[in-house]
Amino acid sequence: MTGQAVNTPDYVLLIDLGNTRLKLGLWHEDAGETRYLNAHPHQTQESLLDWLDQELLRLGVTPHKAIGVSVASQALMLALEGFLANRSQPIPVEWVWPAVHAHGVHNAYPDPPQLGADRWAGMLGVMKRFAHEDRSIVLANFGTATTIDTLSRDRRFLGGLILPGVSMMQMALSKGTARLPMATGEVADYPANTHAAITTGIVAAQLGAIRRQIDLSQERDQRPPLMCVSGGAWDLLRKEWHRTLPGTLVEEVPNVVLDGLSLFAGPQLRANSDGPVV
Ligand SMILES: Nc1ncnc2c1ncn2[C@@H]1O[C@H](COP(=O)(O)OP(=O)(O)O)[C@@H](O)[C@H]1O
Ligand SMILES: CC(C)(COP(=O)(O)O)[C@@H](O)C(=O)NCCC(=O)O
């Protein structure tokens with residue numbers, strides 16, 4: 001029937017369900033590429049599902065399945081699965097969980113399910129994107145939390161840091177003290193007002209943590225790592241990054257988690273994985 005979405009076996013919906021936003025992509029099997037769609041916050045389940053409905057209507061094709069990672073609540077995952085399963089053309093969801101090894105990457109976590117699935121997909125995403133890079137890769141994701149993960153030259157995920165994200169740091173200071181506001185100041189060398197003092201402290205904490213991981217790679221490899229950055233809060237840090245870490249190679253990879261997920265979308269590529277896809 002004209003105008004009706006067709007359930008097409010060569011399209012796979014990619015879902016990155018973070019603590020703040022859902023990020024969506026569409027993998028096209030024949031073209032071997034991902035169309036990055038959009039992102040939406042999920043303060044309320046209802047508004048998220050309304051938004052998703054609109055996004056799916058706009059696609060013009062119905063993916064035959066979805067592949068996702070989630071670090072959000074089980075309840076939200078189930079709501080999303082139910083919503084996609086109950087459409088006139090159902091889209092079953094396969095969730096990707098961290099494994100000991102997948103797509104050429106070894107996982108440092110002795111208990112892989114403990115690792116955030118988004119961090120694992122991020123490591124696979126940089127691996128895919130920079131397959132020929134002969135240096136360590138440090139991926140900093142500035143999401144709800146900030147994570148700073150290192151992939152070694154021989155493609156082992158070595159481990160990484162978790163710290164509160166930019167907004168979470170701002171909220172913690174404002175909620176946990178009597179006198180500190182939600183800061184909106186500018187970064188300064190020696191801040192002389194409260195807003196600037198908070199903003200500068202937060203930016204310094206974020207970039208200082210990254211410097212630590214860069215220095216560790218430098219010591220181990222005797223050369224600097226390739227730095228990759230992603231996440232909604234990166235925009236707030238970009239300017240200060242270039243001021244405090246001049247000369248550091250940096251690649252902006254906003255869709256790196258979706259890139260990692262796309263490895264599980266194609267049958268040939270998926271066969272290379274020994275990780276659980278459940
Ligand atoms: N329009 C926006 N909506 C929500 N968060 C935003 C927005 N713009 C920037 N941010 C920042 O991005 C963070 C969320 O980034 P995101 O990559 O979506 O995180 P997550 O993967 O945890 O869902 C927020 O904590 C906030 O600091
Ligand atoms: C660290 C995280 C909260 C980051 O989530 P995000 O900010 O991307 O929503 C998430 O990856 C997570 O819940 N991890 C589990 C613990 C771990 O990775 O060790």
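This is a predicted model: local features need pLDDT of at least 70, side-chain atom pairs count only at pLDDT 80 or more; totals for chains, interfaces and linings use all residues.
Domain bounds here come from an automatic or database domain assignment. I looked up that assignment for this protein and found domain 1 (6-95) and domain 2 (130-259).

Residues are numbered from 1 along each chain as its sequence is written, and side-chain values use heavy atoms, with hydrogens and water left out.

Next I checked the spacing: 28 Å separates the C-alpha centres of domain 1 and domain 2. For contacts (heavy atoms within 4.5 Å), I noted eleven residues of domain 1 against six of domain 2.

Then came buried area, the accessible area (1.4 Å probe) that two parts lose on being put together, summed over both. Between the two domains I read about 640 Å², with 61% from carbon and sulfur atoms. On the domain 1 side, L14, D16 and Y36 supply 53% of what that domain buries against domain 2, more than any other three residues.

Last, I asked which elements form the side of domain 1 that touches domain 2. Using DSSP runs (helices H or I, at least four residues; strands E, at least two; numbered from the N terminus), I found that β1 (6-17) and β2 (21-28) each supply at least two residues of that side. β2 gives the most, with four residues.

How values were computed. Chains are lettered from A and ligands numbered from 1 in the order in which they are written.
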